[in-house]
Amino acid sequence: LILIIFIIMFYSFFFFFLMIRRPPRSTLFPYTTLFRSIAKVTPFEILQSVLTLLIGVIAVYIAYQQYQTNKLREKRESRQGQLSVYKRLKYFLNSVDTTREISESAYSELKDAVSEADFLFEEEITEWISGVESYADEYRNCEDFLLSLRIQNKMITATIEQLREREPEQCVSAEDMQNQMLDNLQNAHCDLKSKFEGCLKL
């Protein structure tokens with residue numbers, strides 16, 4: 001955009017000064033001849049030069065206004081995207097707080113928020129969101145591990161208490177890790193507003 005503005009200004013001034021006739025090469029007094037040449041410029045040529053310059057200025061003004069409009073639109077769209085990420089994270093963390101588990105729908109909202117955040121926020125916030133994602137992933141890894149224990153012991157429909165009787169150490173270890181991840185997510189919920197209030201003015 002700056003290059004376009006520069007080109008328009010250059011050609012505007014170029015055409016303006018082009019209207020001034022060049023003095024003959026044979027003259028012994030180039031400056032005198034130049035002023036005489038200027039004096040011979042007709043009103044039509046002056047008007048044409050002024051209009052050319054005016055058109056150049058108007059073109060620059062229009063380009064600047066278009067730049068400002070695009071900048072405001074991009075800023076508005078970026079803020080809407082940031083607000084969408086915030087709402088998705090809030091939904092996910094509210095769900096974890098309420099149920100003390102991670103449902104498929106809540107996890108899907110988290111993944112959508114993570115995929116959008118990289119393009120919308122600075123490094124500090126994206127790293128914090130990645131931390132939230134890692135807590136959720138670790139929780140789900142523990143769920144997968146417990147499912148594998150059920151399959152291994154042919155107890156697909158067994159409750160966690162029944163499975164704990166068969167595999168006490170491994171079940172307790174996985175449950176402890178899940179509880180720790182849920183606690184981390186609850187702490188993240190407490191920090192959610194403070195992390196986003198700078199960019200969203202919450």
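**Figure 1. Glu122, Glu123, Glu124 and Glu127 form a negative surface patch.** Asp and Glu count as negative, Lys and Arg as positive; His and the chain ends are not counted. Patch residues have over 30% relative accessible area and no salt bridge, with like charges joined within 9 Å and nonpolar side chains (Val, Leu, Ile, Met, Phe, Trp, Tyr) within 5 Å. A salt bridge is a side-chain nitrogen of Lys or Arg within 4 Å of a carboxyl oxygen of Asp or Glu. Glutamate 127 sits in helix α5. Glutamate 127 is partly exposed because its relative accessibility is 49%. Buried means under 20% relative accessible area, exposed over 50%, and partly exposed in between (1.4 Å probe, protein chains only).

**Figure 2. Leu47, Leu51, Leu54, Ile55, Ile58, Tyr61 and Ile62 make a nonpolar surface patch.** The patch covers about 700 Å². Leucine 51 belongs to helix α3, residues 43–99. With 42% relative accessibility, leucine 51 is partly exposed.

**Figure 3. The predicted chain has seven helices and zero strands.** Helices (H or I, at least four residues) and strands (E, at least two) are DSSP runs, numbered from the N terminus. Of the 202 residues in the chain, 29% are buried. Mean pLDDT, the predictor's confidence from 0 to 100, is 81 for the chain. In all, 78% of the residues reach 70 or more. Confidence is lowest in helix α2 (residues 30–39), with a mean of 51. Helix α5 (residues 123–152) has the highest, at 94.

**Notes.** This is a predicted model: local features need pLDDT of at least 70, side-chain atom pairs count only at pLDDT 80 or more, and totals for chains, interfaces and linings use all residues. Residues are numbered from 1 along each chain as its sequence is written, and side-chain values use heavy atoms, leaving out hydrogens and water.

Terms used: Accessible areas come from the Shrake-Rupley method with a 1.4 Å probe; for residues, only the protein chains shown count as cover. The place of a charge is taken as NZ of Lys, CZ of Arg, CG of Asp or CD of Glu.
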